[in-house]
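Here are my notes on this one, in two parts. Have the viewer open as you read.

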Amino acid sequence: MKRFFSLLLTAAMLVGGLSIVPASAVDVNKTLRVRLTIDSASTFADPKLENVSGYDGGYTFGAMDGTTFQADKSVSNTQLTIKLVGNAFQVSDTSSGSVLYTTKAGADHLAIRPNSKLTWFKGYKWYGDFVYKASGSNLTVTNYVGLEDYVKGVLPYEVNASWPIEALKAQAVCARSFALGTNKHANEGYDLCNTTNCQVYKGANNATDNSDKAVDETKGEYLMYDGKLAIGYFFSSDGGATEDAANVWGGDYGYLKGKEDPYEDVENAYNGVWSVTLTAAEVRNKLTAAGYSIGEVASVEVTKRTKTDNVNEVTVTDTAGKKVAITKDAVRTVFGLNSIRYKITPSTTGKAADEKAVVPKAGGEAKKISVSPHKVTVDGKAVAPQGYNINDNNYFKLRDIAYILNGTDAQFNVAWDGKNNQIRLTGSTAYEEVGGEMTAAASAKIENCTPSDSEILLDGKKISLVGYRVNGNNYYMVRDVGTALGFGVDWESASQTVKISSKAETTPPVSNAASYTFSGTGWGHSVGMSQYGALGMAKKGFGYDEILKFYYTGIQIQK
């Protein structure tokens with residue numbers, strides 16, 4: 001799958017690239033200087049140009065004064081090869097090899113203006129002019145392109161060109177605002193790169209009438225906040241809520257505020273639901289690579305969340321008791337995760353002790369499953385809920401958990417709504433038995449095992465629990481249930497016991513776990529506009545201006 005969805009921008013880039021541009025200084029007619037990287041290559045030995053058929057052929061050679069082209073010589077040849085010869089730039093006909101133009105020795109650069117509207121370079125069709133500079137024995141290539149043509153080359157690489165036009169128009173305004181307000185490469189002699197470090201720009205190959213129409217219908221429009229240009233940061237999906245820029249990159253930007261997002265269809269978003277498991281050694285290696293000093297990892301836990309329930313701090317503790325706090329966007333980037341919206345589950349076992357069955361999951365992925373071999377206690381009393389160990393984590397029948405907690409501070413009721421495929425939980429309520437609770441041990445014969453697709457509501461609000469449907473019954477990760485309902489879950493390695501505490505308290509993290517599973521939703525930094533959220537809003541009939549004003553607090557759309 002192409003894409004798209006640039007997980008736009010590292011924290012360093014963002015902090016360095018945020019500029020405050022007053023309305024009077026915004027120039028929507030500007031020419032952008034975009035340094036081109038193709039297939040990970042940013043320098044080229046002998047780059048070639050070719051006029052796109054259907055347009056006038058030929059080129060003009062010269063130089064740039066700022067962004068103004070100064071012509072020197074024109075030719076009718078349609079295919080060019082450019083290379084360094086000594087300390088001069090030389091242009092030859094690609095087919096015949098005949099030399100068409102050579103700059104003066106020691107020239108700083110060579111500029112080429114195609115006569116054709118579009119020009120082939122490295123398999124992509126581009127608008128605008130091309131400027132070559134020396135980089136060792138190779139050349140860098142910078143595309144000098146008008147703002148609107150640039151946005152046409154961004155849009156179909158950042159979102160699907162077949163999406164509803166209101167979503168595309170919202171993305172076009174974001175892309176334009178981002179290009180006008182970002183200056184991270186100014187000291188390097190150009191404005192923007194064409195990779196996900198800025199925003200993906202690859203010319204006109206994937207442009208459609210629909211995507212070009214979205215750009216044309218928003219021509220010259222950009223975001224403004226408090227009389228200044230607002231940079232249109234965006235990302236793929238937030239998984240449930242966007243986030244304040246201050247909590248991700250630092251700095252307080254009034255229009256980049258977090259909020260709950262009801263519009264995403266996160267289950268169908270690309271990389272919208274994800275899970276990553278790291279061993280304790282891998283956690284340590286990732287921290288070391290990021291510049292942190294830590295010994296053998298004993299625990300990893302989320303220690304702070306934002307108002308919108310995104311992760312804001314993760315604390316890693318080593319066996320000597322040293323703690324390392326990872327904050328802001330580093331909670332995503334250090335561990336190599338998709339988003340800042342996740343939970344961490346320590347694995348309390350290595351290989352499961354009982355007989356294994358390999359059961360295909362939807363999509364063909366195999367799942368390791370066995371009857372849970374571990375003891376369970378509630379407030380120190382032994383209990384025996386039905387459970388399975390799936391991928392080295394314990395999952396128990398939800399009604400059994402409710403049954404063993406009934407009459408305690410953590411009691412809750414479970415109701416099933418078959419019509420809507422919903423499990424409805426009610427906290428602080430006595431459990432109503434339906435029969436079949438705690439009746440027999442889980443069957444070692446695994447007939448089927450699939451991820452649970454039931455929607456779960458707690459006191460009427462949708463929550464997310466990791467679960468599987470095994471042999472027709474739903475089983476959920478007990479630590480997730482405890483987090484949602486406020487009871488404690490701990491692991492005692494010596495006795496191989498899952499210890500449940502009915503008191504509504506935070507229990508210590510599992511120590512010396514073999515691995516840690518980060519399971520979450522969303523893809524990207526979660527600041528600004530969710531692209532899949534924009535898609536959801538467009539499908540519900542919202543206009544692009546309404547989409548933008550939902551994701552960017554207090555902005556105006558300026559033209």
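1. A search of the whole structure turns up 2 cavities of 30 Å³ or more. (A cavity is a set of points on a 1 Å grid, over the protein atoms alone, where a 1.4 Å probe fits but cannot get out; the volume is the space filled by probe spheres set on the points, which are joined across faces, edges and corners.)

2. Keep in mind that this is a predicted model, with local features needing pLDDT of at least 70 and side-chain atom pairs counting only at pLDDT 80 or more, while totals for chains, interfaces and linings use all residues. Residues are numbered from 1 along each chain as its sequence is written, and side-chain values use heavy atoms, with hydrogens and water left out.

3. What lines the second largest cavity? Arg-35, Val-131, Lys-133, Thr-142, Tyr-144, Gly-189 and Tyr-190 do (lining means an atom within 4 Å of a point). Strand 11 (129-135) and strand 12 (138-146) each give at least two of the lining residues (strands are DSSP E runs of at least two residues, helices H or I runs of at least four, numbered from the N terminus).

4. Now for the helices. Helix 10 (residues 531-539) packs on helix 11 (residues 544-551) at about 135°, axes 10 Å apart (axes are lines fitted to C-alpha atoms over the stretch in contact, and angles run from 0 to 180 degrees between N-to-C directions). Gly-533, Ala-534, Met-537 and Ala-538 of helix 10 meet Glu-546, Ile-547, Phe-550 and Tyr-551 of helix 11 (contact: heavy atoms within 4.5 Å).

Methods:
1 Å grid on protein atoms, 1.4 Å probe; cavity = no way out; pocket = protein on both sides within 12 Å on 5 of 7 lines; lining within 4 Å.
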